[in-house]
Amino acid sequence: MEESTCSEQVSVDIDKLNELLACALRDKLHEESPSLSENCIFKVPGTLRRRNETSYEPKIFSTGPFHSEKNRLGPMEKIKMWYLHCLLVRLPIPPEESLQHFIRKIRELAKRTINCYAEKIDLNENELVEMMIVDGCFLLELFRRDAWAGVRFEKGTPDDILNIKFSDGLFKIPPIRIRGNSESLFQNLIAYEQCDRHCTDKFTSYAVFLDCLINTSKDADLLCDERIIAHALSTEDLAILFNGLYNDTLVYEFYYGGVSQKVNEYHRSRWPTWRAILKRGYFNNPWSISSFIAAILILAFTFLQTLFTILSFTNKTFPS
């Protein structure tokens, strides 16, 4: 009788343990797939990262939470805050009021933003909202400034085709008409300069300079769009023409040395260099491209919506 009671007690204890384990396992179940349909920003898998770790690391600045802890990117945070300030002071309402609008609208999108990340984000809601505002405004301001490229081209006066000027990122190049006999004309002028020791290397330098500007048909397209080059050839033939004009020649005194120095100084300045590094750092592989584009789309659309809301509010509150 006593042995039977013990067996029943053991059976009850096991049933209780089974019930507890079942409840614990039930609590761990996911009603939805862990990979949400909203997931569009991913960390590069370790199997790909180990091939070249640095290819997937930001070089100048980071956007979003994945690389925000990198100490070497810290100095760029001051630049981000400066850009945020520059954006705010251009708005028609006080900066503090604009920030309140930003915070209110971005907070509404915080949950949706979290769902965009396939990995868990170790930020509370306030930290995430602040990061979205700072990074989003920085990108908008960066792209607004970037529109003013890099190097720009403008048709100069047609009086002297050799009179090329460069200042503050702007090339002024006199228009040039390329026809079927232009290659022969340039080559004969260059040949004359090479033979006559009293001649300066003006046309040879001109050919060298244009070769530096035009490497592909896309480069030729740009100059044609600016009406600097009028041509009867295809842009592919234009590129080939300028790439081969001064072959086997010597330039003793480069006529555009001063212009080249200005271009190099402009190229070595901070922002053009950082833009170039940004392109190499964020657009040199498919994983980086997809993540960066996804982040930009989220932040850009969010802030455009917020800006329209602010402008709408301003029009209602401060009628003209």
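Against which strand and which helix do the buried residues of H7 pack? They pack against strand E4 (176–178) and helix H8 (202–213), where contact is taken as heavy atoms within 4.5 Å.

This is a predicted model, in which local features need pLDDT of at least 70 and side-chain atom pairs count only at pLDDT 80 or more, while totals for chains, interfaces and linings use all residues. Residues are numbered from 1 along each chain as its sequence is written, and side-chain values use heavy atoms, with hydrogens and water left out.

The protein chain holds 13 helices and 5 strands, these being DSSP runs (H or I of at least four residues for helices, E of at least two for strands) numbered from the N terminus. Of its 320 residues, 36% count as buried; buried means under 20% relative accessible area, exposed over 50%, and partly exposed in between, with a 1.4 Å probe and protein chains only.

In H7, Ser182, Phe186, Ile190 and Glu193 are buried. They cover an arc of only 60° around the axis, which puts them on the same side of H7, the arc being that of the directions from the helix axis to the C-beta atoms. On the other side of H7, Asn188, Tyr192 and Cys195 are exposed.

Across the whole structure, a search finds 9 aromatic pairs, in which ring centres of Phe, Tyr and Trp (its six-membered ring) lie within 6.5 Å, with planes under 30 degrees apart called stacked, over 60 edge-to-face and the rest tilted. One of them is the tilted pair of Tyr83 and Phe138, at 5.4 Å centre to centre and 40° between the planes. This pair links distant parts of the chain, since Tyr83 lies in helix H3 and Phe138 in helix H6, 55 residues apart.
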